[in-house]
Amino acid sequence: MLIRKNGSLNGNDIGSSEITPKETFFNRRNFLTGAAALGVGALALKQVPGLLHPDAVHADQKLATVPSKYTVPDAQTPFAKATTYNNYYEFGTDKSEPAKNAHTLRTRPWTVEVSGLVKKKQTVDVDTIMKYRPIESRVYRHRCVEAWSMVIPWDGYSLGEFISWAEPLPSAKFVQFISVSDSKDMPDKPSVLDWPYSEGLRLDEAMNPLCLLTFGCYGEVLPNQNGAPIRVVSPWKYGFKNGKSIVKIILTDKQPHTSWNESAPSEYGFYSNVNPTVDHPRWSQAHERRIDSSAFPKTIPTQPFNGYGDLVASMYSGMDLKKNF
């Protein structure tokens, strides 16, 4: 195990360990041949993400990971689907556009500014952050507010460990995440939000060990369209809560501005815990389309807190989850 020395992020290199295997790329040609034989080729292309753009932009660089107790038995979403069906609006509003357009994002050099109500305010290189703790391979359910879901092996370590290193002040109550918004790296950002993208968590949520500071997926460094080089994954919340390509982490005593909540507060609450009993104004949240290796996504019941209630529900004891959606 990597040990922090003298309160510094400059530790020894992580030792080699088990490498999480990457899913075999989805075989587009074989699928289309079979689909054509069934007479459903055109329909399949529309319904199965990952077929139109199978060559996702990704770094193809392996990560050394250690096993984690945080995993689920659900079938994993194939790598090619998880990297070609994305919400990353800075690179386009269509699900297929981030994989086509995110190659413009330069992920090195990359630093993260840690500021606000912490004792250790500083700017840290992402490669140094990655070496702070052993990188775990965690298989998480991932639920989008648009009622589709995936199961993805994410690679990182608990965000709370990094926040603890920064030594939050007693007055800190929330954490804000600011994403990169560089006109050179993102030349065609649509005007759907007020950039840069901002998200936030209550401090106890960010400190929950389930909340992951994420550097990779499927045993490789994060593909650009999945939020390279550093993002957050809080699997009991809807996907838009998970800030991508983070450049600032700010601890504050007030609930921070968050992009979607400010843009459409009746549709996107600050908490946005997965809740099948609280519908989106335009669709039900009771069910979701699980994107896996099958030809057509299955519709399955949505679980409260995305199935992680035993690990997170206590943080909301006594809270009206319909009011605080």
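**Terms and values**

Modeller: The protein exposes about 14,000 Å², and carbon and sulfur atoms supply 52% of that area. Accessible areas come from the Shrake-Rupley method with a 1.4 Å probe; for residues, only the protein chains shown count as cover. The model is predicted, so local features need pLDDT of at least 70 and side-chain atom pairs count only at pLDDT 80 or more, while totals for chains, interfaces and linings use all residues. Residues are numbered from 1 along each chain as its sequence is written, and side-chain values use heavy atoms, with hydrogens and water left out.

Colleague: Why is F270 called buried?

Modeller: Buried means under 20% relative accessible area, exposed means over 50%, and partly exposed lies in between (1.4 Å probe, protein chains only). F270 has 5%, so F270 is buried. Buried residues make up 54% of the 325 residues in the protein.

Colleague: And why is D204 called partly exposed?

Modeller: D204 has a relative accessible area of 32%. That value lies between the 20% and 50% limits, so D204 is partly exposed.

Colleague: What makes the pair D204 and R202 a polar contact?

Modeller: A polar contact is a pair of N or O atoms within 3.5 Å; within protein, one must be able to donate a hydrogen and the other to accept it, and residues adjacent in sequence count only if both atoms are side-chain atoms. The side chains of D204 and R202 are joined at 2.8 Å, so the distance meets the limit.

Colleague: Which residues does F270 touch, not counting those up to four places away in sequence?

Modeller: Contact means heavy atoms within 4.5 Å. F270 touches F174, G200, L201, R202, K241, Q255, P256, T258, N261 and F325 on that count. The C-alpha atoms of F270 and R202 are separated by 9.5 Å, and these residues are 68 apart along the chain.

Colleague: What makes D204 part of a helix?

Modeller: Helices (H or I, at least four residues) and strands (E, at least two) are DSSP runs, numbered from the N terminus. D204 lies in helix α7, residues 203–207. F270 lies in the loop between α8 (259–263) and β12 (287–290). The protein has nine helices and 13 strands.

Colleague: How do D204 and F174 sit in space?

Modeller: D204 and F174 are 8.1 Å apart, C-alpha to C-alpha, and 30 residues apart in sequence.
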